[in-house]
Every structure is written in structure tokens, then in C-alpha cells.
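Please read them with the sequence and the model side by side.

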Amino acid sequence: MKTSIATVSISGELPEKLEAIAKAGFDGVEIFENDFLAFDGSPSDVGKMVRDHGLEITLFQPFRDFEGMPPSHRSRTFDRAERKFDVMQELGTDLVLVCSNVSPVSLGGIDRAAADFHELGERAAKRGLRVGYEALAWGRHINDHRDAWEIVRRADHPNIGLILDSFHTLSRKIDINSIRSIPKDKIFIVQLADAPLIDMDLLYWSRHFRNMPGEGDLPVTAFTTAIAETGYDGYFSLEIFNDQFRGGSSRAIADDGYRSLIYLGDQVRRSPNASGLTVRDMPDRASVKGVGFVEFSSDEKDAADLAAILRTLGFRKTAVHKSKKVSLYSQGDIRLLVNTDEKGFANASFAVHGTSAYAMALVVEDAGQAFERAVALGAEPFRQQVAEGEVDIPAIRGVGGGLVYLIDDKSNLGRFSEIDFQPVNEEAEVAPAHLEHVDHIAQTVAYEEMLTWLLFYTSIFETQKTPMVDIIDPAGVIRSQVVENASGTLRITLNGAENRRTLAGHFIAEKFGSGVQHLAFQTDDIFATAAALRKNGFKPLAISPNYYGDVEARFGLDAELSERLKEENILYDRDEHGEYFQLYSMTYGEGFFFEIVERRGYRGYGAPNAIFRIAALKRALRPEGMPRV
């Protein structure tokens with residue numbers, strides 16, 4: 001699979017863009033005309049710069065308002081085309097994109113357009129150049145790739161071909177089966193973009209909300225599969241117009257783009273008829289069986305405070321590491337590690353972020369294959385030295401530079417707690433709180449990073465993303481989206497913060513970056529858990545009494561249940577599948593907290609309760625006398 005990306009897709013000056021594109025691993029680059037015009041150098045300078053990076057210029061674009069112009073404009077149109085050809089030859093590329101005409105003076109007619117393209121093909125052939133025609137979704141006369149193909153077919157010239165763009169086809173819901181009948185040699189290049197489903201003007205949607213394949217809601221995989229089934233083996237190129245990308249890191253966006261194409265290629269290659277596509281072989285997405293552990297980095301003082309909090313939640317210290325200052329706390333299937341070692345990555349993480357949940361382990365079917373896939377998709381591998389005889393757990397860098405460990409039950413990886421740890425019998429009296437397993441992990445990230453991490457999780461692990469929802473904070477809006485698997489053994493909520501005055505924004509600002517902001521544990525009896533927590537000295541987050549009257553009226557709850565919820569500070573929600581109960585801890589440090597949930601068939605995450613939970617957490621987040629964690 002030959003990969004390319006348009007310079008318009010990422011931020012920065014042209015040299016910065018090219019460096020990022022090359023480092024990400026792309027084979028080629030589309031030169032967007034405005035990037036060239038803004039660069040203080042000749043076309044030959046640009047061409048040399050591209051080739052010095054090991055890239056090929058796959059396309060020069062765009063050439064607008066060409067076909068079907070009236071006689072009074074036609075001569076000037078061809079003069080403009082010749083000028084484009086001059087620039088292309090100096091750049092060192094042989095393909096130009098002509099997008100369908102949007103000029104109000106343009107004339108319709110398939111044959112008229114075909115005649116224009118035949119003549120343009122004659123002129124291009126004299127220079128050894130090619131012309132690709134693309135149907136814009138908002139084209140005045142041509143806005144469907146089927147009509148564009150008919151023009152190319154009637155033009156009947158070897159130097160005239162078709163450019164297919166997923167956004168222009170899928171945004172208009174055009175049947176992709178029509179692609180399968182197009183000869184592969186007449187498809188000159190394929191441009192790819194995804195987008196969230198938004199009901200708005202096509203041009204505005206395209207210019208501001210496109211994103212990488214796999215980050216949106218359009219059936220880009222089906223579109224690409226249809227192209228691959230023609231036997232097409234040319235470039236697949238990203239053309240992304242997105243306000244967020246224009247303001248983001250050029251390197252990060254380029255890396256995301258490359259990952260999206262490799263992931264897309266991997267999906268398409270699994271189609272038995274995608275004969276033209278040669279892509280990197282890699283294991284399939286990793287099936288996640290559960291969360292193996294969550295690890296905190298800390299120092300001795302903060303670790304003592306954290307341990308006290310964990311005891312109120314019913315956790316016991318059950319083991320200590322044989323060679324490191326790491327304690328293991330357990331309850332049900334939940335394992336929490338507290339690392340106070342004075343060297344290694346955990347200590348470095350503590351130095352930057354303070355006490356934080358900096359690492360998690362996911363239990364997969366085959367850790368080696370999951371690690372191989374992650375690295376093939378551009379994840380950064382992590383390794384640090386372990387003592388002889390200890391388990392070397394494969395890991396990759398995750399959100400905020402933290403770690404995602406990969407363990408399985410088919411090797412010693414699944415026995416790491418037996419091999420690396422020795423059991424202890426903690427004397428402290430702790431009442432079990434009936435917590436069974438990790439329900440979900442909530443990671444707070446800068447809003448512009450959300451698509452990056454959604455793609456990270458969905459491309460490596462067998463998961464899907466839920467629709468984005470807005471969480472209302474008294475100081476602003478938090479964008480929230482969930483990555484989860486069908487069995488519910490992995491649920492990660494990603495919360496995007498734009499405003500540091502929000503609780504999520506405060507957490508990022510004070511913790512020096514993205515990370516885990518809260519852990520949710522599941523119980524099968526929220527009221528029994530609340531009673532046990534109370535016995536352990538747990539202090540729940542105090543919810544406004546006004547909330548409970550509204551909940552009782554909204555859901556028709558009986559007064560006894562409503563009163564029990566109020567007494568225990570338990571939040572309630574219901575969907576078409578069942579009921580949901582939520583109990584929160586106070587905030588610790590700069591906004592970290594724990595959550596306990598009971599699901600009775602419910603599939604969501606209590607989004608309607610978020611505004612009440614956030615308001616209560618903000619009341620609890622006070623500088624004076626607040627425990628440090």
C-alpha cells in the first residue's frame with residue numbers, strides 16, 4: 001500500500017510539514033498550491049526538498065473551474081492549465097488534480113466537459129503529464145463520481161483519469177458498488193478522509209470537520225475495499241481539512257495519518273477480493289479480556305495517604321515486590337500497584353506529574369501479537385531492565401506518556417504477581433466492599449488529542465467508539481467519548497478539556513498533562529458496598545439534596561428508594577436496558593477520584609449525572625486541608 005498525504009492536512013510551514021510527513025513514514029506527498037505559493041522558494045527548490053526527504057510528489061492540486069466554461073472564458077482556462085503544467089514540471093510531478101467546476105458561469109453537459117478534457121489530455125501528453133478529474137460533492141454540474149467517470153470515459157485519452165475521494169462520495173451517500181466497474185488504470189489516485197456525521201452544508205462540513213480514516217463515522221473501509229477490488233495498486237492519500245489539525249502538532253497529526261492508513265489497509269486486506277492491495281502483515285486487533293492492574297507512581301508520604309484511601313475502599317495490601325518498592329492491593333479481580341521506587345520510569349513519572357495512575361495492564365489473548373500489532377501501527381515500545389527471574393512485561397507508551405502493559409494467561413506474563421511478588425498478611429481491619437472488577441478507566445486529555453487516542457485504542461484493540469457527548473461543567477463543556485468492547489471487559493472514557501477552568505482542564509494543568517483522572521469499580525450491590533465503605537471510614541462525595549427530588553420525579557422512583565439513594569449520596573440513571581447506580585469518592589490531589597458503580601443491564605456511563613457530580617467535586621476541591629495523592 002503506497003501512502004501519501006496532502007500538505008493541507010497538517011499545520012506548519014512547508015519545510016516543517018515535509019519533515020513531519022517523512023518521519024511519519026509516508027511514501028509521498030500531495031503539494032497543495034497554497035503551501036507552495038506561501039513558500040519562499042522556486043518549484044524546483046520544493047521538488048528537491050521533497051526528494052531529499054525520500055518522498056515523491058504524488059499530486060499537485062487543485063486546478064479549479066476548468067471544464068464547461070463558456071467560449072469567452074475557455075481560452076483563459078487553458079492558459080491557466082499551461083501555467084500549472086509549467087509548475088508541475090519544475091516540481092517534478094506528473095499528476096494534477098482538476099476538481100469539478102463550481103463557477104456560476106460554467107455550462108453543463110457531459111460531452112462538452114469530455115471534449116475539454118480530451119484537449120487538456122493532448123496538451124498534458126506533450127509534456128508527459130497526467131490529469132485527474134475529481135467530482136466535488138458541491139460541484140455545480142458534476143458532484144457524483146459516476147458522472148465524473150463518464151466524462152473521463154468519453155474523453156477517451158490515456159492522460160486523463162479519475163480521482164476518487166471518499167468524502168465526496170460518502171458525504172452524498174453515493175453507491176460505492178459503482179466503483180468496482182471502473183478500470184483500475186483509469187483511477188489515477190485515491191484521496192481519503194473520514195468525518196463525523198453532522199447535518200450541515202457539505203462545503204462547510206468538508207472544509208472544517210474532516211478527519212483521519214477511523215476517526216469519524218463514514219464507511220471509509222467499505223469505500224477503500226471497493227477500490228482495492230478493482231485491482232488498483234496506486235497511492236492512497238489523505239486530504240484532511242480540519243481546524244483542529246491546522247492548530248495541532250504537525251508531527252502528531254502526520255503520525256496519526258500514517259497510523260490511520262496502515263490500520264485501514266489492514267482492515268481492507270482481510271477482504272478476499274482486495275487483490276490490488278499489498279499491505280504490511282500484522283496480527284488482528286487484540287481481544288481484551290480485562291484490566292490486569294492499574295499502577296500508581298508515588299513517594300513514601302503520598303503512598304501512605306493513598307494506601308489509607310484504598311483501605312476505606314476495602315482494598316488490602318496482599319503482596320510486595322521482591323526487588324522494588326511496589327505494593328500490591330487487591331479486592332475481587334482488581335489489582336492496584338503503588339510504586340514508590342526511587343529509580344526507573346515510575347519515579348520519573350512521579351517527578352513530573354506527582355502521584356498518578358501512570359500505567360495500566362490489559363489482559364489480551366496473546367501479548368506478543370498485541371505488542372507486534374501496536375508497534376506496526378506506530379505505537380512507541382517501552383522497556384526497562386528487570387531483575388533476573390522476574391517477568392519482562394511488554395509495554396507501549398499511552399496517554400500522557402504513561403504506559404500500557406500487555407499480559408496474557410498463556411505465559412508467565414499472567415503469573416507476574418506470583419513470580420515478582422511475595423505475599424504479605426496485612427493486619428489492618430478492612431471490611432470487603434464487594435468490589436469485583438474495573439468497570440472503566442477515565443482518561444482526561446486535551447481536546448485536540450482526543451482523536452489521536454481514539455485511533456490508538458480502536459486500531460490496536462478489538463474495540464469500538466461510542467458517539468461523542470457533551471458533559472456540562474459549570475465552567476464550560478467537556479467532550480466525552482468512550483472506547484469499549486462488546487463484552488464490557490474494556491471500557492475507557494476519554495474526556496477532552498479545552499478550558500482549564502473546568503474540572504478536567506484543571507486536572508491537566510495541575511498534573512502537567514493528560515492522564516487517568518478517575519477509576520470506576522463495579523459492584524453487584526451498591527447499597528451493601530456503601531454500608532461496607534461507611535464501616536471503613538470512607539467519605540463519599542456529598543451530592544446536593546435537590547438532586548434526589550428531581551430524580552424521584554423524573555424516573556418515578558418510590559420514595560423509599562429515593563431516600564436510600566440520598567442517604568448514601570448515590571446517583572441514579574436509567575436507559576432502555578436497565579438501571580445504573582454511581583457512588584463517588586472525594587477528590588484527591590488535583591482532581592483525581594474513585595467511582596463505584598452497579599449496572600443492572602445499563603450500558604451507558606451516567607452522562608446525565610455528570611453536571612451534578614462535577615459541581616459536587618468542585619465544591620470538594622479545596623486547597624486548604626486537602627489530602628495529597
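1. The largest nonpolar core has 201 residues. Such a core is a set of buried Ala, Val, Leu, Ile, Met, Phe, Trp, Tyr and Cys residues joined through side-chain atoms within 4.5 Å; buried means under 20% relative accessible area, exposed over 50%, and partly exposed in between, with a 1.4 Å probe and protein chains only. Phe117, Leu336, Phe461, Leu519 and Phe594 have the most contacts inside this core. In soluble globular proteins, nonpolar side chains tend to be buried together.

2. The model is predicted: local features need pLDDT of at least 70, side-chain atom pairs count only at pLDDT 80 or more, and totals for chains, interfaces and linings use all residues. Residues are numbered from 1 along each chain as its sequence is written, and side-chain values use heavy atoms, with hydrogens and water left out. The average pLDDT (the predictor's confidence in each residue, from 0 to 100) is 94 for the chain, and 98% of the residues score at least 70. Residues 623-629 fall below 50, and this stretch has 15 contacts in the model beyond near neighbours in sequence.

3. Which residues does Phe117 touch, leaving aside neighbours within four places in sequence? Its contacts (heavy atoms within 4.5 Å) are Phe66, Glu67, Val98, Val131, Tyr133, Ile151, Ala155 and Ile160.

4. Ala124 lies in helix 5 (residues 110-127); helices (H or I, at least four residues) and strands (E, at least two) are DSSP runs numbered from the N terminus. Ala124 counts as buried because its relative accessibility is 0%. Residues up to four places away in sequence aside, Ala124 touches Phe85, Leu129, Val131 and Asn159. Phe555 is 431 residues from Ala124 in sequence, and the two are 69 Å apart in space, C-alpha to C-alpha.

5. In helix 6 (residues 145-155), the buried residues are His145, Ala148, Trp149, Glu150, Ile151, Val152 and Ala155. They pack against helix 5, strand 5 (130-134), strand 6 (160-165) and helix 7 (166-170). Asp156 follows helix 6 and has a positive phi, near 50 degrees.

6. Helix 17 (residues 503-511) has Leu503, Ala504, Gly505, Phe507, Ile508 and Lys511 as its buried residues. After helix 17 comes Phe512, with a positive phi near 60 degrees.

7. Other backbone points deserve a look. Most residues other than glycine have a negative phi, and most peptide bonds are trans. Gln61 and Pro62 are joined by a cis peptide bond, with omega about -5 degrees; Pro62 is in strand 3. Asp65 has a positive phi near 50 degrees and sits in the loop between strand 3 and helix 4 (71-91). Asp65 counts as partly exposed because its relative accessibility is 23%. His434, in the loop between strand 17 (421-423) and strand 18 (435-446), has a positive phi of about 65 degrees.

8. How many cavities of 30 Å³ or more are there? The count is four. A cavity is a set of points, on a 1 Å grid over the protein atoms alone, where a 1.4 Å probe fits but cannot get out; lining residues have an atom within 4 Å of a point. Grid points are joined across faces, edges and corners, and a volume is the space filled by probe spheres set on the points. The largest cavity has a volume of about 90 Å³. Its lining has 14 residues, with Gln61, Leu136, Arg207, Glu239 and Phe241 nearest its centre. Strand 3 (56-63) and strand 4 (95-99) each supply at least two residues of this lining.

Technical notes: 1 Å grid on protein atoms, 1.4 Å probe; cavity = no way out; pocket = protein on both sides within 12 Å on 5 of 7 lines; lining within 4 Å.
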